[in-house]
Amino acid sequence: MKSKITIIFLSLAFLIGCSTSKEPRNLYYAKLEVRQYFEDTTRYLKDVRKVVEEAKQYVEKNLDTSKNNAAIFDVDETSLFNYEYLRTFDFGFTLESWEAWIDSAKAPPIQPVLDLYKFLKSKGIKIFFITGRHESKSKKDIDPTVKNLISVGFVDFDGIFFKPRSPKMKTSEFKSTIRKQLAQQGYFIFINIGDQYSDFEGEYSGKTFKLPNPAYMTF
Ligand SMILES: [Mg+2]
């Protein structure tokens with residue numbers, strides 16, 4: 001009797017296994033979908049705008065001007081849009097090509113986020129960028145990321161923090177460490193806008209607003 005039950009159980013497990021095993025979607029179609037999402041601005045920008053509207057409403061409802069309020073902005077796929085790079089390399093990545101793209105300082109802004117930046121500035125909220133980018137190796141008067149941000153409209157901010165090249169650490173660890181330092185300096189981390197969960201993990205996250213990004217994931 002026991003062996004019959006075992007056989008029935010194993011047969012069922014085999015059948016379930018067969019029915020749930022499925023070849024993943026072909027990468028060609030996955031990339032095509034991501035391209036269509038970004039290129040059809042009625043989809044990507046609409047989704048970004050929705051998050052930005054939620055952030056604005058949150059600020060209107062919860063702003064306490066007696067605090068030294070700070071807003072945390074991520075850079076890539078939050079403030080600046082690197083789709084030209086992503087498309088050129090078919091969503092591939094090498095540190096060399098990526099740093100050359102950063103040095104070109106030609107990423108356009110993500111317009112709804114630029115609008116949010118201006119809105120927060122008008123409310124007297126301090127703006128800090130915390131980015132997984134490293135400081136540029138190229139010897140320039142002004143770091144290309146700073147130059148890029150200023151040239152597209154993020155003209156005035158209270159600080160920008162680049163991830164150190166060494167020691168190696170997770171982006172989430174770096175970002176939460178900086179937020180903690182800001183809090184220790186007396187800032188209230190009010191809101192935090194980014195496209196990756198690593199923008200929000202850890203202490204002093206503030207109220208988080210997650211933008212869409214189906215192209216990549218950083219940790
Ligand atoms: Mg990002």
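Student: Two residues are in contact if their C-beta atoms, placed from the backbone, lie within 7 Å. What covers the buried residues of H7?

Tutor: Helix H5 (95-104) and strand E2 (126-131) are among the elements that do. Helices (H or I, at least four residues) and strands (E, at least two) are DSSP runs, numbered from the N terminus. This is a predicted model: local features need pLDDT of at least 70, side-chain atom pairs count only at pLDDT 80 or more, and totals for chains, interfaces and linings use all residues. Residues are numbered from 1 along each chain as its sequence is written.

Student: Which residues of H7 are buried?

Tutor: Pro144, Thr145, Asn148 and Leu149, in a helix that covers 144-152. Buried takes 20 or more other C-beta atoms within 10 Å of the residue's own, exposed 12 or fewer, partly exposed in between; C-beta atoms are placed from the backbone.

Student: Why do they line one face of the helix?

Tutor: Seen down the axis of H7, the buried residues fall within an arc of 135°, so they share one face. The arc is that of the directions from the helix axis to the C-beta atoms. An α-helix has 3.6 residues a turn, so residues three or four places apart point the same way.

Student: What follows H7?

Tutor: Gly153, with a positive phi near 125°.

Student: And how do E2 and E3 pair?

Tutor: In the parallel sense, over four bridges, with E3 at residues 159-162. Pairing takes at least two DSSP bridges between the strands. Phe128 has Gly159 in E3 as its bridge partner.

Student: What do E2, H7 and E3 make?

Tutor: A right-handed β-α-β unit. Right-handed: with the strands pointing away from the viewer, the path from the first strand over the helix to the second runs clockwise.

Student: New topic. Where is Thr78 found?

Tutor: In the loop between strand E1 (69-73) and helix H4 (83-88). Thr78 has 24 C-beta neighbours inside 10 Å, so it counts as buried.

Student: What does Thr78 touch?

Tutor: Leaving out residues up to four places away in sequence, Phe73, Ile110, Val113, Ile193, Gly194, Asp195 and Leu211. Asn213 is 135 residues from Thr78 in sequence, yet the C-alpha atoms are 9.1 Å apart.

Student: Why does H2 lie largely in the open?

Tutor: Of its 13 residues, the number buried is one, so H2 is mostly in the open.

Student: Zoom out. How many helices and strands has the chain?

Tutor: Eight helices and five strands. Buried residues make up 26% of the 219 residues. The C-alpha trace spans about 75 × 40 × 40 Å along its principal axes.
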